[in-house]
Amino acid sequence: GGVTGMSNISRLLTTAAAGGSSSGAFSLVYSESSYPFTNRIGSVSLNRNGTKLIFCFTRQITSDGRYQGYVSSIDVDTISEDWGKVIYSGNANGRIGYTGAVEIKSGVIFTVGFCNYRANGNSTDQLFQLLNASTGAEYEAERDTSFSGGTSAYKVVAGSNNNAYGCGQFAGPIGSGDVVAFHMNHNSNSLLMQTRQAYGDSRNDEGGSVSYMPTAGDTYIGLSRLIVSPDVSRYAGVMRLSGGAGNFTWYRNYSSGNTINDLQYTKDVATDENENCILWGTNNSNAFLARLRASDGADLGQTFVEDSEGTLTATTVTCDSSGNIYALATQGQNCKLMKFSDVGNGSADLVWQLKLRILNDTQATLGTMAINEDKELIYFYLYSNDSDGRAVLAGLPLDGSFTGTLGDLTVSASTTITASVGNLSNVAPSGSRSVITGGLATQTTTMASDGFTKTLTTG
């Protein structure tokens, strides 16, 4: 598709008053008065040499639920965009968006998401795209045409050079909804699908998270399975897949013996410094954190995370090279960011907690966070439904030391979160796997400059 210039972008710079010294903290707020609707899922990742942030999100543009996607490359030193592009659907149904973006090899960005180029306005296909990392120009786009039902890719991570791994959900060959895992790479700026597998059972299953094991070359896939119909309980856990998207190496769920109190949703997974799996999910009205052993999925510790302010819904988790865990969750109209030194020791593991709020309403979504240990910052995405709608890319110090106001984002100390030792059983459930044999179709997309106002505030 055609790419136009960016002359219609306005960008504002302000400086926060938060003690007078620079902490590296910032917020970059995207607002658009022409489309005063909800921003949705998004992600942030670092490129392979750590000099750029690759940021994407999806925004609702009409009251009847049409969407557009946005992707950009941002310099980590100046927090200024090298480029930013909106992707539009050529279909009147107008459903297209980004859910993840990573640098698949030096100079090439791989994005995933969903699109609708059909007459059926309720169905979407998985969308895959390659972009020039320097300009945002599209090399190629493909969509998955394997199934007639709605499909979406949820998350993607970069593997070894030239490889990417992702997951999503669709009406698949096993049941009414299946987890899908995929491994893709590229050759001469063309997308190549290596493997696609469906996992699940006869009921509705969801897959919203993936993490790569750099030494083993395998992936962890988080999934949530409906076990009582109607949808009153789920049975959630994680799989280790050989070769990224292949056979089960192991598959483990967390159970209480009472389905209402089982782990209901695995919201995200991460790989720690020893390549064990970190699981971040939702158990009833609490969040749930666990570490599973890489070799067999055995439980290495678990923590119930509660908030006296209300229900805590887990969204995103990541780890640094020293074994610390950073977890993001939504609580009412706030978000909570937490740092844990370990899992399974209760309150001793909770290092710090922060409350995050954008104006009067703040939400976090499934997505990715990124850690820059050179700058000692963690980067994450939030959105707000206030006024003209806001998508916020933020960075905060790894030591949790910043509190103050960053433009529309307020960061304050929190004392309402408590951590206690978990007591769920780590069990090996049954599951099915099916190879997906459908093909990809080359898709013409339309990309253009955007009309966002972008306000950078530093602290």
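The largest pocket of this predicted model holds about 980 Å³ of space. Its lining consists of 36 residues, and those closest to the pocket centre are Val 157, Ala 158, Thr 318, Cys 319 and Met 369. Sorted by class, the lining of the largest pocket contains 17 nonpolar, 11 polar and 8 charged residues. Several strands contribute at least two residues each to this lining: strand 3 (39–46), strand 7 (96–105), strand 11 (151–158), strand 15 (205–212), strand 19 (265–271), strand 23 (313–319) and strand 27 (370–372).

How many of its residues are buried? The count is 9 of 9, so strand 5 is mostly covered, buried meaning under 20% relative accessible area. In a regular strand, side chains alternate between the two faces of the sheet. In strand 5, Tyr 67, Gly 69, Val 71, Ser 73 and Asp 75 point one way, while Gln 68, Tyr 70, Ser 72 and Ile 74 point the other way. The residues of both sets are all buried.

Strand 5 has pairing partners in strand 4 and strand 6. With strand 4 (residues 52–60), strand 5 pairs in the antiparallel sense over 9 bridges. Within that pairing, Gly 69 of strand 5 has Thr 58 standing opposite. With strand 6 (residues 81–88), the pairing is also antiparallel and runs over 6 bridges. Here Ile 74 has Glu 81 in strand 6 as its bridge partner. Strand 5 and strand 6 form a hairpin with 5 residues between the strands. In that hairpin, Ile 79 takes a positive phi near 50°.

Is Tyr 235 buried or exposed? Its relative accessible area is 16%, and because the limit for buried is under 20%, Tyr 235 counts as buried. Tyr 235 and Asp 262 are separated by 27 residues in sequence, and their C-alpha atoms lie 6.3 Å apart in space.

How many disulfides does the model contain? With a disulfide taken as a pair of cysteine sulfur atoms within 2.5 Å, the count comes to 0.

Conventions: Residues numbered from 1 in each chain as written. Predicted model: local features only at pLDDT ≥ 70, side-chain atom pairs only at ≥ 80, totals over all residues. Heavy atoms only, no water. 1 Å grid on protein atoms, 1.4 Å probe; cavity = no way out; pocket = protein on both sides within 12 Å on 5 of 7 lines; lining within 4 Å. Points joined across faces, edges and corners; volume = space filled by probe spheres on them. Helix = DSSP H or I, 4+ residues; strand = E, 2+ residues; numbered from the N terminus. Nonpolar A, V, L, I, M, F, W, Y, C, P; charged D, E, K, R; others polar. Buried < 20%, exposed > 50% of the residue type's maximum accessible area, 1.4 Å probe, protein only. Pairing = 2+ DSSP bridges.
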